[in-house]
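Please examine the model shown below before reading on.

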Amino acid sequence: MMKYMHNEILDQTFQQTVHVLPSQFFQRLTMSPPVGSMLDIQERNSNMSMAEKRYRRVSRWIRNVNFLGKSLVLIPICQMSHWFIIVLVMPGGEEPCMLVLDSMGGQQTTAADIIKEFLATERKTTFEQQCSNNIKILTPKTPTQRNGYDCGCFVDPLNPEETGK
């Protein structure tokens with residue numbers, strides 16, 4: 001839905017500055033590769049940090065995108081049947097920040113920390129130098145769902161009609 005909104009609803013000038021990652025991105029980032037796969041063998045036989053292993057799992061997904069040149073990067077996440085979204089603001093800028101938007105009011109600190117590590121690794125890889133991992137994590141007040149099943153309606157920041165704004 002977000003990809004559709006991005007491609008069909010957003011003005012083309014904004015499309016160039018906004019990137020929507022697939023909903024499987026976070027799952028791929030955090031899930032160990034299948035046992036015996038090439039990636040599994042490489043991860044087990046290396047001394048990479050966990051952040052570097054995670055980054056490597058998704059690096060092909062972003063290799064053709066100027067990820068750090070975007071104004072906004074939208075990362076939809078589903079954990080335990082609950083959807084929320086992390087929005088990276090100016091990820092390649094001097095002072096990038098992260099918005100965690102959860103319609104149940106959760107902080108989602110583990111997911112935010114993993115994305116923070118991913119962003120630091122991307123910046124280090126792209127700029128070929130150690131970058132600050134000092135990224136502000138903000139959890140602004142968001143519309144809240146009144147039940148345990150409407151989170152998908154609240155996760156799309158490009159569609160204000162569905163969030164009740």
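Is Asp102 buried or exposed? The structure is a predicted model, in which local features need pLDDT of at least 70 and side-chain atom pairs count only at pLDDT 80 or more, while totals for chains, interfaces and linings use all residues. Residues are numbered from 1 along each chain as its sequence is written, and side-chain values use heavy atoms, with hydrogens and water left out. Asp102 is buried, because its relative accessible area is 3%; buried means under 20% relative accessible area, exposed over 50%, and partly exposed in between (1.4 Å probe, protein chains only).

Asp102 belongs to the loop between strand 4 and helix 6. Helices (H or I, at least four residues) and strands (E, at least two) are DSSP runs, numbered from the N terminus. The side chain of Asp102 makes a polar contact of 2.6 Å with that of His82, and another, of 2.7 Å, with the side chain of Gln108. A polar contact is a pair of N or O atoms within 3.5 Å; within protein, one must be able to donate a hydrogen and the other to accept it, and residues adjacent in sequence count only if both atoms are side-chain atoms. Not counting residues up to four places away in sequence, Asp102 touches His82, Phe84, Gln108 and Thr142, contact meaning heavy atoms within 4.5 Å.

An open sheet of 5 strands has the order 1-2-3-4-5 and mixed pairing, where two strands pair if DSSP finds at least two bridges between them. Strand 1 (18–20) and strand 5 (136–138) each have a single partner strand, so these edge strands are left without a neighbour in the sheet on one side. From one strand to the next, the twist averages 20 degrees. Strand 1 and strand 2 run parallel and are joined by 3 bridges; Val20 has Leu74 as its bridge partner in strand 2. Helix 6 lies across strand 2, strand 3, strand 4 and strand 5, at about 35 degrees to strand 3. Axes here are lines fitted to C-alpha atoms, for helices over the stretch in contact, and angles run from 0 to 180 degrees between N-to-C directions.

In soluble globular proteins, nonpolar side chains tend to be buried together. A nonpolar core is a set of buried Ala, Val, Leu, Ile, Met, Phe, Trp, Tyr and Cys residues joined through side-chain atoms within 4.5 Å. The largest such core holds 24 residues, of which Phe25, Phe67, Ile75, Ile86, Leu88 and Ile115 touch the most other members. Elements that each supply at least two residues of this core include helix 3 (25–30), strand 3 (82–89) and helix 6 (109–127). Helix 6 gives the largest share, 6 residues. Apart from this core lies another, of 5 residues, among them Val20, Leu74, Ile85 and Val87.

Aromatic rings form 4 pairs. Rings of Phe, Tyr and Trp (its six-membered ring) pair if their centres lie within 6.5 Å; planes under 30 degrees apart count as stacked, over 60 as edge-to-face and the rest as tilted. The rings of Phe25 and Phe118 are edge-to-face, because their centres are 5.3 Å apart and their planes stand at 80 degrees. This pair links Phe25 in helix 3 with Phe118 in helix 6, 93 residues apart. Phe25 counts as buried at 0% relative accessibility, and Phe118 is buried at 2%. Ring pairs join Phe25, Tyr55, Trp61, Phe67 and Phe118 into a cluster.
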